[in-house]
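Colleague: I should like to learn how to read the features of a structural model. May we take them one at a time?

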Amino acid sequence: MRFAAYLLPWQFSPTTCALFALALMLYLRGWAVLRGESIHIGWARPSVFLLGLTLNYAVLQTHFDYLAQHMFWIHRLQHLILHHIGPTLLVLSAPVPVLRAGIPDPAWRVLSVRGVRVPLTRLWRALQHPFIAPVLFVGLIYFWLIPSVHFTAMLDQRRYLLMNWSMLIDGILFWWLMLAPREAQGASALGYGVRCIILTAVALPQIVLGAYIALTTQPLYSIYAVCGRAWAISPMLDQQLGGLLTWIPAAMMSAVGGIVVLHHVLAEDRQADAAQAPRAAQPSVGAPA
Amino acid sequence: MSARAARLAALAVLTGLLLCGCAQRQLGDHMTNIAGLVEPLRFHMTDQDGRPVSAADYRGEVVLLYFGYTHCLDACPTTLATLADAIARLGAQGQRVRVLFVTVDPRRDTVAVLKRYVNDFGPQFVGLRGTHAQLTRMIKRYRVSYHDEKPDASGAYEVDHSSAVFIFGRHGHARLLAQSGAPAAVLATDLRQLLASA
């Protein structure tokens, strides 16, 4: 197979391609609009955003998807990207002002209509609830890894798409709640202390599940034997690698999240110090040298 | 019940339904109900007599679809022999059952080789050979995989492939998935039911 063929979708999904194209167009348009207003966002943020977008796209709509359908550990790697790494990159690029600038005015007016805005806001608030968000985050991982559910998700194209999209969307929602600076989250911003608790709380069940999968001595996911593996590998090794990917890097992302939160805390501290500095300096102004 | 409690209860019921709906519908150890999960039968290939055939040619028959290759040492002969056994148990009704054996090794499995191979299993067995594009379309549609192993010193090689038998009803809709190890008696019972249903 020629190299270019590996870049083509294994199973073309018009919805997936359309949504990625839309995100890319909104971002590029927003970037251009901001430049027009002489607002420069540098190169780092767009690079991180485009890297996140590309990674998510690559695991869904290239030959990688074939491997993910036919090898358990590649499937776990796919979800590590869709649910953890890809969304983290997207959120860290602080894309909201750019995307907001990219939305054409007529579309923004539609979004601002009460009948659209109110239910969307309610849904957003519910999904960003500090109890619901982590439960959903861990719940989705567990749900799609129930062996009988996993079996049908791998057999049915629509469920497979639903599974992957639920991971990506939930990943973006969760990591936005965890990693976006408080000022970007607006009125309902979540405190940094609560975020650290949530990050720890979601790591534990991922460790338990990953360890269970890696250390179980029987094959849990028969679908890969039924439909065939992408290359010759023992079913147990495939399962152990998949378990390790669920266990270690996934849980490590909580530590990465903690570092980002710490960074926000320090940045806020510095800002507060800078705001107080002039006042602190004042008494010394008139003081004799 | 307060509105909040009612909403929570509704959410719990909905989640429960979703959980049940997404789970595998296991029928015994080796059989899964795949109605609505797997695409209806559709393909274009060449049969063991060199004729171009499509799914439409097998409408009205219960179709068992299996991917394999004639040089296969154990999985394919075992599976095909079990299917032959199950069909034999159906008596005269067995004539309305068709096994489509799709080769994943078209390089070695020429039409002539396929014909000799499937004839050994009985008149209900059809060997199908596709171009690379036809075979790729089919393995994407049924979400199965195959790949050639490294050849040995004499150039002989094995092909890793799926083990599933997809079973379609008389209208070409996917009905059951038989995993390897499904006993002929169980298969015969399920095939009889499929032949009886519309």
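Modeller: The turns below treat confidence, strands, the nonpolar core, helix packing and backbone angles.

Colleague: Which ipTM and pTM does the predictor give the complex?

Modeller: As a general idea, where pLDDT is low, the predicted coordinates should not be read in detail. Here the predictor assigns the complex an ipTM of 0.87 and a pTM of 0.90. For chain B, the mean pLDDT is 91, and 94% of the residues reach 70 or more.

Colleague: With which residue does Val165(B) form a bridge?

Modeller: Its bridge partner is Tyr66(B). Strand E5 of chain B, residues 62-68, pairs with E10(B) in the antiparallel sense over four bridges. E10(B) is also joined by four bridges to strand E11 of chain B, residues 174-178, and these two strands run antiparallel. In that pairing, Phe166(B) has Leu177(B) as its bridge partner.

Colleague: How many residues lie between E10(B) and E11(B) in their hairpin?

Modeller: There are five residues between them, and Gly172(B) in the turn has a positive phi of about 85°.

Colleague: How many residues does the largest nonpolar core have?

Modeller: The general idea is that in soluble globular proteins, nonpolar side chains tend to be buried together. In this model the largest nonpolar core has 104 residues, and those with the most contacts inside it include Val165(B), Phe166(B) and Phe101(B). Helix H5 of chain A, residues 72-92, supplies the largest share of this core, 10 residues. Leaving aside residues up to four places away in sequence, Phe101(B) touches several residues, among them Tyr66(B), Leu80(B), Val118(B) and Phe125(B).

Colleague: At what angle do helices H10 and H11 of chain A pack?

Modeller: Two packed helices are described by the angle between their axes and the distance between the axes. H10(A), residues 147-155, and H11(A), residues 157-179, pack at an angle of about 110°, with their axes 5 Å apart. H10(A) is therefore roughly perpendicular to H11(A). Thr152(A), Ala153(A) and Met154(A) in H10(A) meet Arg159(A), Tyr160(A) and Met163(A) in H11(A).

Colleague: Where is Ser38(A) placed?

Modeller: Ser38(A) is in the loop between helix H2 (14-36) and helix H3 (44-60) of chain A. As background, most residues other than glycine have a negative phi. Ser38(A), although not a glycine, has a positive phi of about 60°. Arg143(B) is not a glycine either, and has a positive phi of about 55°. The loop that holds Arg143(B) lies between helix H4 (132-141) and strand E8 (146-148) of chain B.

Colleague: Which term applies to Leu209(A)?

Modeller: Leu209(A), found in helix H13 of chain A, is partly exposed because it has 19 other C-beta atoms within 10 Å.

Methods. Residues numbered from 1 in each chain as written. Chains lettered and ligands numbered in written order. Predicted model: local features only at pLDDT ≥ 70, side-chain atom pairs only at ≥ 80, totals over all residues. Pairing = 2+ DSSP bridges. Buried ≥ 20, exposed ≤ 12 C-beta atoms within 10 Å, placed from the backbone. Core = buried A, V, L, I, M, F, W, Y, C linked by C-beta atoms within 7 Å. Contact = placed C-beta atoms within 7 Å. pLDDT = per-residue confidence, 0-100. Axes fitted to C-alpha atoms, helices over the stretch in contact; angles between N-to-C directions. Parallel < 35°, antiparallel > 145°, perpendicular 65-115°, else oblique.
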